[in-house]
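Hi,

Here is the structure I promised to pass on. Have a look at it first, and my notes follow below.

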Amino acid sequence: MLERVVAAITRYNMFARTARVGVAVSGGADSLCLLHLLSELAPQWDLALTVLHLNHGLRGEESRGDAEFVRQQAQRLGWPVIVHQATLPADGNLEQAAREARIEFFHSAMQSARLDCVATGHTRSDQAETVLFRFLRGSGTAGLAGIRPATHRYVVRPLIELTRTEIEQYLRIRNLEWRDDSTNATLQFARNRIRHQLMPQLEHEWNPAIRETLAQTAEWARAEEAYWEAEIDRLAADRLTTHIGFVLTNAAALAGLPLAVARRLVRRAIERAKGDLRGIDFGHVEAILALAAGGEGHGRLQAPGLDVLRSFEWLRFGVLGSYSKGDRAYSVEATVPGVVRAEAAGVEISLELIEKPETFDSSHCVYNGGVGYFDWGRLSGRLVLRNWRPGDQYQPIGRSREEKIKTLFQEFRIPIWERRHWPVLTDGESIVWARLFGPSANRAAGSGSVKVLRIRESETSRMASIK
C-alpha cells in the first residue's frame, strides 16, 4: 500500500521530500488510512505533518465526537492538529457551502502552519463515483476527468490509486477503528444515491468492473484535457482580451473556429470572467456560440453568475451584475492647464495652453484620436468633463452639421458597454470635444488662432476599456 501511495505521489508530483504537509482528517476510513500511511512515510521522506479537521457542525454530538477522535489520533501519532468549527448558512446548497468552507479552512491552515500542500483522502472509488455523477449532470470531457490527483490550489490526493475496499482492509489488518459519518448513509444526497443504489445496480446488471472502467475514463479524459489546456492557452493569448471585470473576444473569429475549439475557448472566457465554471453546462456554451454566430447587432444572455453581451463584432463576458444600464454619471471640472481624471470612465486627459508658433497652420488641427487643438479665444475658460447623456449632440471637425453622439457610436461601432461612461468635454452648455470624435468644428484651432489649448489623452488611458 505504501509503495503504491509513494508511486502516486511521485507520478503526479504531489510534494517533495522534506515537505510540510497538511493531512485533512475527518475521522472516516479514507482519511484515517491517509494519516497512517503518510505517518509511515514521514521518517523516510523527512515530512512534517499537520492534522487538519473541519467540524461542519451538522451532526451535533456526533460531529464533536469526530473532532475529539481526530485530536486523539493526531496526539497518538505525535502530530500537531488544527481543528476548526465552520458556520454554514441555514439555506442554499449545503454541499457547496461545505466545500467552500473546506477550501477556506485549507487556505487558512496553509498560511498559519506554513504548509506546502494539503492531502485529502479521495480514492479511486471516489473517482469512479465522481465521473458517473458528472456524466449524469451532462459534463463534457473536462468534467469526466474527475478528481485531479493534484490541483492548482495545492490540494493533493495520495490515495487516488487505491480503492475503498483496499483501504478498509488495511485498517482492519492493523486493528484501526474509524468513525462512520451517519450522513453517508442517507439517500438525501445525490452522491450517496450513486454510491449505495446506482453503482451496485450497474455492477450487478451491466458491468462488474464499472468502477475501474469509470476510473480509467477519468485518466483518459485527464490526458485529453492536459493537451487541450496547453492548446487553449495558446489560442486564448490571441483571441481573448482580459480587462478588469470582463473578457472580450471577436464574435466572428470565435464562430469561425472548429466547434471543439470554440466550445473550449468559450469555457476559458467564462472561467476568466467569473473565476470558475460553476453552474455552466453544455446548453449555456451552445447558446453563447449561437449568439456569436448570429448577424451583427446587439444581444444578451445570462447564465449562473455570468452576463454575456454581443455588440457589433464583440462578445463581452462579465460577472452577473457587472454591466447595468443604471446611471453612473460623473462630472469633473477641467482646470487649465492641468490633468483631469474620470475614474468611472478610465480616462485621463491633459489640457495645456500653448502660444501659437509661426509654423502653426490648420494641418496641425486634424484630430488623430489622441490629441486635439482648440482656439482658446473661442472658449469661456470653464470646462467640464462628464459622461455622455442621451440626446447629446455636437458638430465634430469635418462634419457639415451637428450629429447625435449616439449616431457617432453606431458609425464608429462603439460597443454598448463602452457608451455609458463615454467622456465629453463641455464649455457651458455646449459640447466641445468627445472621446475618439475630437474637438467641435466651431471651437477648433485654425491658422488664425492666437492662443491654442491642446487636449491630449494618454495612450494608456485612451486604450483602456470602460466598464
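A cavity here is a set of points, on a 1 Å grid over the protein atoms alone, where a 1.4 Å probe fits but cannot get out, and its lining residues have an atom within 4 Å of a point. Before the findings, note that this is a predicted model: local features need pLDDT of at least 70, side-chain atom pairs count only at pLDDT 80 or more, and totals for chains, interfaces and linings use all residues. Residues are numbered from 1 along each chain as its sequence is written, and side-chain values use heavy atoms, with hydrogens and water left out.

On to the cavities. Lining the largest cavity are Tyr12, Arg124, Gln127, Ile160, Glu161, Ala215, Glu219 and Arg222. Two or more of the lining residues come from each of α5 (124-136) and α9 (210-239), with α9 giving the largest share, three residues. (Helices are DSSP runs of H or I with at least four residues, strands are runs of E with at least two, and both are numbered from the N terminus.) By class, the lining has three nonpolar, one polar and four charged residues; Ala, Val, Leu, Ile, Met, Phe, Trp, Tyr, Cys and Pro count as nonpolar, Asp, Glu, Lys and Arg as charged, and the others, Gly among them, as polar.

So how do α5 and α9 pack? Their axes are 8 Å apart at an angle of about 75 degrees (axes are lines fitted to C-alpha atoms over the stretch in contact, and angles run from 0 to 180 degrees between N-to-C directions). That makes α5 and α9 roughly perpendicular to each other, a label for angles of 65 to 115 degrees. Contact means heavy atoms within 4.5 Å, and here it includes Arg124 and Gln127 of α5 and Ala215, Glu219 and Arg222 of α9. The residues of this contact divide into six nonpolar, three polar and six charged.

Helices α11 (residues 259-274) and α12 (residues 282-293) pack at about 105 degrees, with axes 10 Å apart, and are therefore roughly perpendicular too. Their contact has eight nonpolar, no polar and three charged residues.

Last, the sheet: five strands form an open one in the order β11-β15-β18-β19-β20, with antiparallel pairing (two strands pair if DSSP finds at least two bridges between them). β11 (331-334) and β20 (438-439) are at the edges with a single partner strand each, so one side of each lacks a neighbour in the sheet. Two bridges join β19 (residues 430-434) to β20, and Ala434 stands opposite Gly438 in β20.

Cheers

Definitions and conventions
1 Å grid on protein atoms, 1.4 Å probe; cavity = no way out; pocket = protein on both sides within 12 Å on 5 of 7 lines; lining within 4 Å. Parallel < 35°, antiparallel > 145°, perpendicular 65-115°, else oblique.
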